Amino acid sequence: MLDIFRSSKLLETFIGHTNAVWSIDYSTFGDNEFICSGSEDKTVRVWNVDTNQQIQLFNKHSSYVFCVKFSQYHYYNNHRNVICSSSDDKTIRFWDFKDNQQLQIFNGHTSAVCGIEFSPFNGGRYLCSGSFDYTIRLWDVKTSKLLHTFNGHKGRIWCVDISPLQSNNSNRNDNNKINDIGVIGGNGYTICSGSFDETIYIWDIETTKQCIVFKGHDSSVRSVKYGSNELVNTILSGSFDTSVRLWDIRSGQQIQMFDRHKNSVWGVEYSPFVVKNLEVGSSSNVICSASGDNTIRFWDIRSNKKELHVINGYDEEDLGIICIKFLPLKKENKSKSNAYSGCGINLCYGSHGGSIRIWG
């Protein structure tokens, strides 16, 4: 429940980056919990959540690191602990942080590579990337080959996401087989992308066709996220126009807008929290957003009224919050004093000032 999280406090701060933290990700490998981060200081770093220590640093990118993601494909297929990173240096790189080595480099984009996302089908074998060269590209991680280039945006692309399965296929529990179709695969899945051209595009992965365009933002779209479960047909977006918006994929229309931020919205997430609606006695879903105004705000998706909760960053240090990630509670860590929130969820964020902080 969100009410429990409202009493949360700052638990940990990871210090090491010397410039803005553009992206963070979280994963477990075996019994260990890790956070990875990418920064304007050109480095990729790995942090052990249990010990609160930096355990690895990669500095072969020649410019800003815009996005980092843990690769489940490498872990489950090759038993390797791997991070993927995208950079202003036009490359996408894979790093084995257990063996301390660079594995693969994807070259092909002709400008900065911003958002990256692994496929939820075929065990994360495919990687989607969005670039300042106005294109979205789909890569085969296994073969290191470029499979397709999506063209259509009229501006730089900040962010991409890949949908949960949106078809009504009754065999969805056997996704590795039913989605191994054609050159790319992925029937029933789509990609969404946000751009400097102020639009959000949706692309069908199987046909490689653009199928929906959302218009409404008044500035660059900085973050896009697909919903899941009962919100599977929605997309959440954040923009430099300071607004957070919710879109309906089926109707192609905007559902809701939240406009209380005082600066650019850099990151958005569907939160795991619910709030009790006293009028009808039911629960509603909560979303959250991170902004250059140095706040993280939580919103009820059914109402554009005042936010439900606000976390304020450290003004003198954070200088604005760029990225956010929810961390699930590991059961074996419940005994740690003051280590985790009572609701079982922690929130991690990266800031313009270079710090990474965990609230819970």
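Reader: Which residue in strand 11 is the bridge partner of Phe118?

Author: In this predicted model, the partner of Phe118 is Leu127. Residues are numbered from 1 along each chain as its sequence is written, and side-chain values use heavy atoms, with hydrogens and water left out. As the model is predicted, local features need pLDDT of at least 70 and side-chain atom pairs count only at pLDDT 80 or more, while totals for chains, interfaces and linings use all residues.

Reader: Why are strand 10 and strand 13 said to stand at the edges?

Author: The open sheet has the order 10-11-12-13, with antiparallel pairing. Strand 10 and strand 13 (145-151) each have a single partner strand, so one side of each is left without a neighbour in the sheet. Further in, strand 11 is joined to strand 12 (residues 135-140) by five bridges, again antiparallel, and Gly130 stands opposite Ile136. Neighbouring strands of this sheet are turned by 20 degrees against each other on average, direction ignored; the axes are lines fitted to C-alpha atoms, for helices over the stretch in contact, and angles run from 0 to 180 degrees between N-to-C directions.

Reader: Which strands pair with strand 7, and over how many bridges?

Author: Strand 6 (residues 65-71) pairs with strand 7 in the antiparallel sense over six bridges, and Ser71 stands opposite Val82. Strand 8 (residues 92-96) also pairs with strand 7 in the antiparallel sense, over five bridges; there Ser85 stands opposite Arg93. Strand 7 and strand 8 form a hairpin with four residues between them, and Lys90 in the turn has a positive phi of about 80 degrees.

Reader: Why is Arg45 called buried?

Author: Arg45 has a relative accessible area of 9%, which is under the limit, so the term buried applies. Arg45 is found in strand 4 (residues 44-48).

Reader: What makes the approach of Arg45 and His17 a polar contact?

Author: Their side chains are joined at 3.2 Å. A polar contact is a pair of N or O atoms within 3.5 Å; within protein, one must be able to donate a hydrogen and the other to accept it, and residues adjacent in sequence count only if both atoms are side-chain atoms. The distance therefore falls inside the limit. Leaving aside neighbours within four places in sequence, Arg45 is in contact (heavy atoms within 4.5 Å) with residues including Gly16, His17, Ile35 and Gln54.

Reader: Which residues touch the most other members of the largest nonpolar core?

Author: Of its 34 residues, these are Ile35, Ile202 and Ile235. A nonpolar core is a set of buried Ala, Val, Leu, Ile, Met, Phe, Trp, Tyr and Cys residues joined through side-chain atoms within 4.5 Å. Elements giving two or more residues include strand 1 (10-14), strand 2 (21-29) and strand 26 (321-328), and the largest share, four residues, comes from strand 2. Apart from this core lies another, of 17 residues, among them Ile296, Phe298, Ile311 and Leu347. Beyond residues up to four places away in sequence, Ile202 touches, among others, Cys192, Phe214, Tyr226 and Ile249.

Reader: How many of the residues in the chain are buried?

Author: Buried residues make up 58% of the 360 residues.

How values were computed. Two strands pair if DSSP finds at least two bridges between them. Buried means under 20% relative accessible area, exposed over 50%, partly exposed in between (1.4 Å probe, protein chains only).
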